[in-house]
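Thanks for coming. I will go through one structure today, starting with the interface and then moving to a few local sites.

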Amino acid sequence: MNATREIHREAMDLCDLALAARSRGDAEESRRLFLAASRKEEEAAAPLAETSDAEPSRSVLYRSAAALALDAEDFERGKALIRKGLSGRAPEQIAAQLVALIERLPADRGDFLRSLRELISVLAADSRSREDEAGLLILFRQSERIAPPEFLDEAGPGYFDFQRAMCLSRLGYERLALDLARRALDRSPGDPAYGLLHLELLRRCDLPRALEEAGRLMDLPEVPGHLQAASVIVLATHLDRASDEEFEREFPRLIEWGRRAAASREIGGVALPFVLANLGLAYLRHGDIDATRGVFAELEATSPEKFRGLTALEGYDERARHLGEQFHQIPQSPGFHSSPPAHSL
Amino acid sequence: MLNRLSAGFPAITPAVGTMMAEAASVCLEQAGHPGAASIRLDLPEGRISALIVEAIPLDDRIRRSHANETDATEAGACGIAILAMLEEFGFLVVERSYQGTGFDYWLGTSEDTPPFASDSAALEVSGIMAGGPSEIRRRAGEKRTQITRYEPDPPYRAFIAVVEFGMPCTLIERL
């Protein structure tokens with residue numbers, strides 16, 4: 001850490017000189033010094049690059065190196081350093097500053113097709129590293145800034161916000177993701193994928209508000225099946241943390257929501273087992289063993305491997321709670337808006 | 001007291017410290033407090049204290065080099081905030097990092113504090129040339145929201161310092 005400190009201080013000294021050059025109007029010298037400072041700062045961060053327990057040092061150093069590169073107008077370097085910074089486990093406040101630096105990258109309208117092809121190739125890859133994911137986030141933002149109006153029309157309002165929210169969510173920056181998911185939903189209030197992501201992120205970041213939102217959705221006359229399923233999961237998460245008295249008070253509501261969701265035609269093969277798992281666990285906690293067995297039998301018929309552990313439960317004990325936690329998050333359907341509109345190419 | 005800045009800190013060179021001391025002296029003079037001033041400190045848990053500062057002697061060259069009021073206010077505010085954190089909490093600036101729009105400061109009790117480690121504390125500074133208590137509260141609220149919006153429970157300690165040269169007054173909050 002001492003070497004990191006020494007190199008970082010050299011970088012800050014170079015930064016002071018760059019700022020002094022800029023304030024006396026010597027743009028060329030200032031850029032040269034900012035670039036030298038950025039290289040030093042990257043060198044300071046290098047020993048921490050592959051470690052996951054060096055936060056916030058790691059992300060602070062990459063943020064600083066990226067900001068210095070942007071001041072040096074070396075935008076490719078800046079982009080690479082933002083990607084590195086976000087690929088760690090940065091505190092969300094530092095991640096927000098790294099995301100804000102993306103806005104300083106130039107966007108050239110002539111590059112849209114290239115940008116789109118790059119997007120499609122990254123999305124088509126079998127797996128993505130955290131750095132790829134951060135690169136995808138940057139690519140979505142840059143593509144949004146240069147997308148022609150006909151592409152934006154075809155993609156629909158909120159498309160890029162949603163995609164960036166997905167990237168941030170996969171990187172674990174849930175509050176940043178929630179902001180963008182909310183914006184996507186504001187732009188396209190009826191989009192079920194946007195609604196689902198928004199509700200799931202609210203569940204993770206702010207359960208009381210997620211509960212309010214789930215209540216609002218379930219009061220609507222028509223709600224898509226998977227949003228009903230997500231609402232059931234929100235209520236189940238809340239009740240998992242509630243006292244036995246509150247659980248009993250809310251139990252009828254959970255059963256009613258769960259039955260409605262399970263009966264929905266649009267619920268789909270992914271969400272239905274999650275609803276059934278939560279219903280079964282609720283019956284188990286309530287002490288209704290016959291109803292529990294009935295629901296778990298339905299569940300086993302839909303997905304025997306994944307749910308085998310549940311059907312062996314005898315009571316609502318620690319093991320049941322632990323298993324229940326696995327069914328609090330419905331995977332985002334991979335079919336939802338995963339690629340840009342193809343015939344725009 | 002402002003001379004203390006010119007001696008430097010682990011992460012602040014004497015040159016940068018001197019620049020902050022000059023900027024703070026120019027700001028205090030412009031706000032009607034030339035020479036020496038008693039800066040009221042509003043500290044966490046309702047504690048009130050004062051920082052007595054003696055400005056460094058100014059000449060026209062120094063005044064001209066701090067003619068940009070925005071830059072001077074920011075640099076001067078950082079100098080006052082750093083001195084207040086030293087006087088009231090015994091914190092030294094052990095690191096700083098570049099954000100593009102300025103620096104953020106990391107505090108520790110000794111130079112052995114690892115850089116940006118979770119046992120150090122971040123210091124966010126905001127400077128106001130003249131604004132009064134309501135503007136100070138507004139700025140503090142802005143900074144608080146900025147820090148806690150995505151990090152309701154930061155993994156490191158954080159302080160906000162809002163320095164106002166008109167009264168003069170400094171509000172320090174712990175997050």
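**Interface first, then chain A**

In this model, 30 residues of chain B are in contact with 31 residues of chain A. Keep in mind that the model is predicted. Between them, the two chains bury about 2,400 Å², and 53% of that area is on carbon and sulfur atoms.

How many salt bridges does the rule find across the interface of chain B and chain A? It finds five. One of the salt bridges in the model is formed by B:R149 with A:D179, where the closest N and O atoms are 2.5 Å apart. As for polar contacts, the rule finds 14 residue pairs across the interface of chain B and chain A, with both residues at pLDDT 80 or more.

Which elements of chain B supply the side that touches chain A? At least two residues each come from β3 (92-98), β4 (103-108) and α5 (132-148) of chain B. The largest share is from β3(B), with five residues. By residue class, the side of chain B that touches chain A divides into 16 nonpolar, seven polar and seven charged residues.

Next, a helix pair within chain A. In general, two packed helices are described by the angle between their axes and the distance between the axes. Here the pair is α11 (residues 192-205) and α12 (residues 207-219) of chain A, whose axes come within 6 Å and cross at roughly 145 degrees. On the α11(A) side, the contact is made by A:H198, A:L199, A:L202, A:R203 and A:C205. On the α12(A) side, the residues are A:L207, A:R209, A:A210, A:E213, A:A214 and A:L217. The residues of this contact divide into seven nonpolar, one polar and three charged.

A:I7 is in helix α1 (residues 2-23) of chain A. Is A:I7 buried or exposed? A:I7 counts as buried because its relative accessibility is 17%, and the cut-off for buried is under 20%. Leaving aside neighbours within four places in sequence, A:I7 is in contact with A:K40, A:E43 and A:A44. A:L33 is 26 residues from A:I7 along the chain, and their C-alpha atoms are separated by 15 Å.

The other residue is A:D240, in helix α13 (residues 225-240) of chain A. A:D240 is buried, with a relative accessible area of 17%. With neighbours within four places in sequence left aside, A:D240 is in contact with A:R285, A:Y316, A:R321, A:E325 and A:H328.

Key:
Residues numbered from 1 in each chain as written. Chains lettered and ligands numbered in written order. Predicted model: local features only at pLDDT ≥ 70, side-chain atom pairs only at ≥ 80, totals over all residues. Heavy atoms only, no water. Contact = heavy atoms within 4.5 Å. Buried area = accessible area lost by both parts, 1.4 Å probe. Salt bridge = Lys/Arg side-chain N within 4 Å of Asp/Glu carboxyl O. Polar contact = N/O pair within 3.5 Å; in protein donor to acceptor, adjacent residues only side chain to side chain. Helix = DSSP H or I, 4+ residues; strand = E, 2+ residues; numbered from the N terminus. Nonpolar A, V, L, I, M, F, W, Y, C, P; charged D, E, K, R; others polar. Buried < 20%, exposed > 50% of the residue type's maximum accessible area, 1.4 Å probe, protein only. Axes fitted to C-alpha atoms, helices over the stretch in contact; angles between N-to-C directions.
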